[in-house]
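Biologist: Can we go through this model together? I have some questions on the overall fold and a few single residues.

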Amino acid sequence: MKTFCKVCFKEFNSFRNKNESICPCCFNKFEVINERILIDNIKGRCIYKYNDFFKTLLFLFKGCFDYELKDVFLERFNNEIKIKYHSYQIIIVPSNKNDDLKRGYNHLREIFSCLKLPIMNPIYKNKNFKQSDRNKIQREQVYKDFSILENNSINNKKILLVDDVLTTGNSLKACINLIKKYHPKQIRIIVLSKSVE
């Protein structure tokens, strides 16, 4: 079946799935690393290297509001992830509220919605900031700026914590520490990409 790539707009033959949104040529520009990570003794996985192609696509989706790109990030992995984490509930690392309001959607919620798993938002930022705009000391103290809703349904649940870019891991650590207070059954992590500082 012929379809059009949402990245390069070229027509291609879709053999794997009639709903494919990215052509093989564009997909190959992602650097798949599938790297195992361990953050505060919580196991996780980073799918891609944070290369120029990934960075550009994420910017187009987040900063330029190209909503059609939401499917390209997890498309090749969503069935595998869905099966592995079928009994989990997703918690997204909170983003800047003003950015979410401006674009009209939370980028992580839209990317991970393809998994058809319940998505919760119990963690929030006490003030609006971008982690990428902060210096090293501010990043290390990010835990001071995250809070969790007391009336949540984390207790005895399997939690899949998701984020877009792993740099220092401080945001994930802050979220893990908040989640642990509510005694989840298990926590696992999926991060779309890993950056090297």
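This is a predicted model: local features need pLDDT of at least 70, side-chain atom pairs count only at pLDDT 80 or more; totals for chains, interfaces and linings use all residues.

Biologist: How many helices and strands are in the protein chain?

Modeller: The protein chain has seven helices and 10 strands.

Biologist: Of the contacts between residues at least 6 apart in sequence, what share joins residues at least 24 apart?

Modeller: That share is 70%.

Biologist: Charges next. How many positive and negative side chains are there?

Modeller: There are 36 positive and 21 negative side chains, with the centres of the two sets 5 Å apart.

Biologist: Now single residues. Where does Asn 51 lie?

Modeller: Asn 51 is in the loop between β4 (42-49) and α2 (52-62).

Biologist: Is Asn 51 buried or exposed?

Modeller: Asn 51 counts as buried because its relative accessibility is 11%, and the cut-off for buried is under 20%.

Biologist: What does the side chain of Asn 51 have a polar atom 3.2 Å from?

Modeller: The backbone nitrogen of Phe 53. Not counting residues up to four places away in sequence, Asn 51 also touches Lys 29, Phe 30 and Glu 31.

Biologist: Which strand holds Val 32?

Modeller: Val 32 lies in β3, residues 32-39. At 38% relative accessibility, Val 32 counts as partly exposed.

Biologist: Which residues is Val 32 in contact with, leaving aside neighbours within four places in sequence?

Modeller: Phe 27, Ile 47, Tyr 48 and Phe 77. Val 32 and Ile 47 are 15 residues apart in sequence, with their C-alpha atoms 5.8 Å apart.

Biologist: How far apart in space are Pro 94 and Ile 47?

Modeller: The distance is 20 Å, C-alpha to C-alpha, for a separation of 47 residues in sequence. Pro 94 sits in the loop between β5 (88-92) and α4 (97-103).

Biologist: Is Pro 94 buried or exposed, and what is Pro 94 in contact with?

Modeller: Pro 94 is buried, with a relative accessible area of 13%. Beyond its neighbours within four places in sequence, Pro 94 is in contact with Ile 123, Tyr 124, Lys 125, Phe 146 and Cys 175.

Note on methods. Residues are numbered from 1 along each chain as its sequence is written. Side-chain values use heavy atoms; hydrogens and water are left out. Helices (H or I, at least four residues) and strands (E, at least two) are DSSP runs, numbered from the N terminus. Buried means under 20% relative accessible area, exposed over 50%, partly exposed in between (1.4 Å probe, protein chains only). A polar contact is a pair of N or O atoms within 3.5 Å; within protein, one must be able to donate a hydrogen and the other to accept it, and residues adjacent in sequence count only if both atoms are side-chain atoms. Contact means heavy atoms within 4.5 Å. Lys and Arg count as positive and Asp and Glu as negative; His and the chain ends are not counted. The place of a charge is taken as NZ of Lys, CZ of Arg, CG of Asp or CD of Glu.
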